[in-house]
Amino acid sequence: MLNTELTIGRSGQRGAKAASRSDAAVSRFEISVHDTVASLEQEWRSLDAHALNSLHQSYDWCVAWAQVHDSELLIIRGTFDGELLFILPLEIVSGRLFNTARLIGALHSNLNTGLFATDALPISSAEFADLLTRALHHHLRHKVDLVTLEKTPHDWRGTASPLARLPGVKHQNASFQLPLLSSFEKTLAQVNAKRRRKKMRISERRLDALGGYDYVIAESPQHAEELLDVFFRQKAVRFAALGLPDVFHDHRTRAFFHAIAGRRSVADDELLELNAIRLRGEHGGRIVAVAGLSRKADHVICQFGSIDEELAGDASPGELLFYRMIERLCGKDVTLFDFGVGDQPYKRSWCTIETPLRDIVLPLTLRGRLAACYHRAVVRAKATIKANKAVYAFLQRARSRKTHTDRRTTDADSA
């Protein structure tokens, strides 16, 4: 295990400047770097209990990811005046030109906050950002060129993020949320209840023509894993139709989701609950929509969703599934239903809250500075394209046509 420390205080040369800015900075700021999660389990779980810390940085989520990936871990533990202040769980991603330390499982997370012991930092956010940046540079520059903390909110649920003053770029996608009120009727009233119920009735009539349906929730880890495999198949078809790479194709990614499907954390958080619409009648047992939900305290996140477009696409089974999930969760101590990252019309039709996200980018070396410039340029380009609906639609159509052309060529070559 790595275990290194940096102390910044009145006695240090660098600490003298910090102390002059604020009396709070007289206290010591220390970090240690660890390469295993188990060594920090007790402290880590104590931070999991803080409601504003994301489930994606929770101990059980990160352990499950680490167990199926072989990446090197850099777990940053920070204290202030001897008291635990934060944990940042990072992993090293090696590239051809530079190495990056990023939050564990960042590609499949919808909200990243890091893990903090309290909402209010003992020093100003600007001073914290300065101390953390210099500490990471001191300890990690010989291992990685760049640290990225992607998809972090500037503020979350009315509270400013402790990471808000770190340098970053606006992420190309926001996340979208719907407050859940004391009843389903009051919740629907926020998003045009009459229109929403009409769409639900249309979906049900079309599914009735196929024999009817059941809304099902996985009753066991085995059932959850079966529904998860249906999701993987449905999503692969969707990605192929859009000409996009299948981000769930990697066997380690699938193993991770299988590891958490239908399971709860030690704190009884729902790591991944599988919900589905299942047909009756002639197509009895066929799953036409799947969604994976995670819950921490009063916050539920939809991690992913898919539909069977071949059989029931015109019945909008995905919309119906959201209707049933939200209906079920109202009155069950859930106050926020999170549709996750990505700007889609169905999310905007459901949600009253849009949360902008940032990619924090901290270069540690010369290569890192070049990589940071590239990262910012890519994110800004994506944001510009997505902001122009006509250009975005054109590129999606072009990508889809290329995929179909490539598929026909492959089929002809193999004939």
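Which residues touch the most other members of the largest nonpolar core?

1. They are Trp44, Ile75, Phe257, Ile260, Leu274 and Phe304, in a core of 38 residues. A nonpolar core here is a set of buried Ala, Val, Leu, Ile, Met, Phe, Trp, Tyr and Cys residues joined through side-chain atoms within 4.5 Å. Buried means under 20% relative accessible area, with a 1.4 Å probe and protein chains only.

2. The model is predicted: local features need pLDDT of at least 70, side-chain atom pairs count only at pLDDT 80 or more, and totals for chains, interfaces and linings use all residues. Residues are numbered from 1 along each chain as its sequence is written, and side-chain values use heavy atoms, leaving out hydrogens and water.

3. Helix H7 supplies the largest share, 7 residues. Helices (H or I, at least four residues) and strands (E, at least two) are DSSP runs, numbered from the N terminus.

4. Another core lies apart, with 34 residues. Leu188, Ala315, Leu320 and Leu321 are among them.

5. Look at Phe304. Beyond its neighbours within four places in sequence, Phe304 is in contact (heavy atoms within 4.5 Å) with residues including Leu228, Phe231, Phe257, Leu274 and Val290.

6. Strand E15 (residues 336-341) has 6 of its 6 residues buried, so it is largely enclosed by the rest of the structure. Strand E10 (residues 175-179) pairs with E15 in the antiparallel sense over 5 bridges; pairing takes at least two DSSP bridges. There, Phe176 stands opposite Gly340. Strand E14 (residues 299-307) pairs with E15 in the parallel sense over 3 bridges, and His299 stands opposite Leu336.

Methods
Buried < 20%, exposed > 50% of the residue type's maximum accessible area, 1.4 Å probe, protein only.
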